[in-house]
Each structure stands twice: as C-alpha cells, then as structure tokens.
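Subject: Structure handover

Hello,

Here is the structure I said I would pass on.

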Amino acid sequence: MPGDRRAGAAEHAAHVNEAVGLLEAGVPAAEAARVLAGQLGCSERQARRYVSQAAASGRVPVPEEGTVFTVRLPARLAAAVREHARASGRTVSSVVAQALAEFLGRAHGNDPRR
C-alpha cells in the first residue's frame, strides 16, 4: 500500500528528479503528480510533494550510498568529534567524512582549500 515507508535520501532525490523531468517536458504540476504517483506507487499527496520540491529547486544531487566504517579512536578525540558535531548541528558521520575527504585531498595534492 502506498505510504507504508519513507524513501531514503537517494530514492527521494531520484523521485524529485523524475518530477523535474516531467515538469521540463511541459506536463502540468497536477498531472505530473498523478503520473508520478502511478510510476512510483506512492500516494498523490506524496507525489505532489516531489513535484513541489522539483518546481522550487530543480534537480537535486543523488547522494552516494554510505557504508559503515568502524575505527577505534582515543576517547578524547572521539569526544572532541562528537562535541564539534553537536555544536555545528551536524552528524558525527558528516564531520568525519569531511575531515577524511580534506585529509585525503591534501595527501593526494587535491587540497580543496588551495
């Protein structure tokens, strides 16, 4: 039955982008919502949300799928990461991912801050 589960971030982005495609093809918003609901097997209400977001922001990037990567850190470093994440309103995962991406970029001569 439609509405039984929430779409993940990648699925949500793909649905919004599908709605963008319909709007770009000249399909009116109300009709785009009906078509999208049929294609996706979701409610028309949810399809209208996708269409509304598509109209407001256009295409959205599809996030890369994440994977669990466990590391053992000194307790003080782990606490500092958690505190930084909390203070910045971000997740620990996003803070660590950004830090690692910047570190690896510099290590391979692709420093994004240059």
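In this predicted model, helix α2 (residues 29-40) and helix α3 (residues 44-57) have axes that come within 8 Å and cross at roughly 120 degrees. Angles of 65 to 115 degrees count as roughly perpendicular, and α2 and α3 are therefore oblique to each other. Their crossing is right-handed. On the α2 side, the residues that take part are A29, A32, A33, R34, L36, A37 and L40. They meet E44, A47, R48, Y50 and V51 of α3. Sorted by class, this contact of α2 with α3 has nine nonpolar and three charged residues, and no polar ones.

Helix α3 also packs against helix α1 (residues 9-24), at an angle of about 70 degrees and with the axes 8 Å apart. The two helices, α1 and α3, are therefore roughly perpendicular to each other. The crossing of α1 and α3 is right-handed. From α1 come H12, H15, V16, A19, V20 and L23, and from α3 come Y50, V51, Q53, A54 and A55. The contact of α1 with α3 holds eight nonpolar residues, three polar ones and no charged ones.

The axes of α4 and α5 come within 8 Å and cross at roughly 110 degrees. That makes α4 roughly perpendicular to α5. V81, R82, H84, A85 and S88 of α4 make the contact with V92, V95 and V96 of α5. Five of the residues in the contact of α4 with α5 are nonpolar, two are polar and one is charged.

These two helices also bring us to the largest pocket. α4 (75-88) and α5 (92-107) each supply at least two residues of its lining. Which helix gives the most to that lining? It is α5, with seven residues. The lining of the largest pocket has 17 residues in total, and F69, V71, V92, S93 and V96 lie nearest the centre of the pocket. By class, 13 of the lining residues are nonpolar, three are polar and one is charged. The space in the largest pocket comes to about 620 Å³.

Regards

How values were computed. Residues are numbered from 1 along each chain as its sequence is written. This is a predicted model: local features need pLDDT of at least 70, side-chain atom pairs count only at pLDDT 80 or more; totals for chains, interfaces and linings use all residues. Side-chain values use heavy atoms; hydrogens and water are left out. Axes are lines fitted to C-alpha atoms, for helices over the stretch in contact, and angles run from 0 to 180 degrees between N-to-C directions. Helices (H or I, at least four residues) and strands (E, at least two) are DSSP runs, numbered from the N terminus. Angles under 35 degrees count as roughly parallel, over 145 as roughly antiparallel, 65 to 115 as roughly perpendicular and the rest as oblique. A crossing is left-handed if the near helix is turned anticlockwise from the far one by less than a right angle, and right-handed if clockwise. Contact means heavy atoms within 4.5 Å. Ala, Val, Leu, Ile, Met, Phe, Trp, Tyr, Cys and Pro count as nonpolar, Asp, Glu, Lys and Arg as charged, and the others, Gly among them, as polar. On a 1 Å grid over the protein atoms alone, a cavity is a set of points where a 1.4 Å probe fits but cannot get out, and a pocket is an open set with protein on both sides within 12 Å along at least five of seven lines; lining residues have an atom within 4 Å of a point. Grid points are joined across faces, edges and corners, and a volume is the space filled by probe spheres set on the points.
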